[in-house]
Amino acid sequence: MHQARIVGVGMTNFGVHDQPLPELFSSAAFDAMDDAGVDAPAIESFYLGNAMGGQTERDTHLAPTLASHIGLAGIPCQRYEDACATSSNAFKHAVRAVEAGQHDVILVGGVERCTPTTGLDTPEMTSVFASASHRQYEQPTGLSFPGVFGLLTTRHMHEYGTTEEDLAAVAVKNHHHGTYNPRAQFGSETTVEEVLESPIVASPFHLFDCCPFSDGAAAVVVANEEAAADFSGESVAVSGVGHATDTIPLADKADFTATQSARDAANQAYEQAGVGPDDIDVVELHDCFTGAEVLAIEALGFFEDGEGGPAAANGETALDGRIPVNPSGGLKAKGHPIGATGVAQLVELTEHLRGEAGERQVEGARRGLAHNLGGDAGTTIVSILEVDA
């Protein structure tokens, strides 16, 4: 079996963009190809993540459309949709294709626009997001995703005593990290008091507990070890990828605070990589809401169940903490263009493993983990990247 490696990365700033999806994606794709030192004829296939282009922009059949725009027409192209885990799923399939010898070099990327530049305002876009909940049992009730994660987090607070101040500390930490990231949508500090005084969106979440709507794109070039050796880009190895699902609807989950798909996907990735949580140096995880970060750091094994609440307030997940979490600012501050988020996490980790992350560099990082969930954590994909020993 071949070893898959990331040989080039690129991403746009996250925020508000008025470009059509092909133009927005091309910026990230060309940057990734330039970073790898790969010309278009070397790309054998294209795997795209886009979750909502049909619903938000009346724009479907996007994989060959975007491939045509960047000079890749004619190669096999496929689009993936898996809610917020969309481009991580595209990445997983690209890694498996390279490992199996089906392709030597693949472009993987994600693109999405979620801001009012699409013509949809916040209530309309919130309704589009809610289409990832159960059609018969949840959508008729008006349940939105702040409500979904509000329910999961409220249960965690009930079982373990996690407080609103603990949640606010996650927002403060990730906003602080975002000040070091020039591509972040919110590169500004906030305080616990500002978070707690912001309007309630869905209990227990205040406005500043929630990630923003964002536009953006990200791309990576994945190659086998022989091809990677011929390219100029400094490559990192993909040592493990886990992919698991959990029950939908929410009411049928066996445990509200476990986010079981994250535990199962992490165990798969750790086993494939031959490592455990103590071997990870830097983490990019899916903090769509502050409570989601608390649930994730426990599910991934970095903290015991019930101990994730105070982690941010105690500095354990800060850049200089025991296990740095979301040095990019995470979804909370960097932004969350749905289809681009998973690959953007891999871009961030690759830069840390190369020592190219600037002021937010996790010093000495040799192994990184990305955690990307979809819907109510009905899907989770965990990827582990590392530099050669």
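Residues are numbered from 1 along each chain as its sequence is written. Because the model is predicted, local features need pLDDT of at least 70 and side-chain atom pairs count only at pLDDT 80 or more, while totals for chains, interfaces and linings use all residues; side-chain values use heavy atoms, with hydrogens and water left out.

Q: Why is H61 called exposed?
A: Exposed means over 50% relative accessible area, buried means under 20%, and partly exposed is in between (1.4 Å probe, protein chains only). H61 comes in at 61%, so it counts as exposed.

Q: What makes N326 buried?
A: Its relative accessible area is 0%, so N326 falls on the buried side.

Q: Where do H61 and N326 sit?
A: H61 is in the loop between α2 (53-57) and α3 (62-69), and N326 is in the loop between α11 (290-299) and α12 (330-334). Helices here are DSSP runs of H or I with at least four residues, strands are runs of E with at least two, and both are numbered from the N terminus.

Q: What is the phi of H61, and of N326?
A: H61 has a positive phi of about 55 degrees, and N326 has a positive phi near 55 degrees. Neither is a glycine. Most residues other than glycine have a negative phi.
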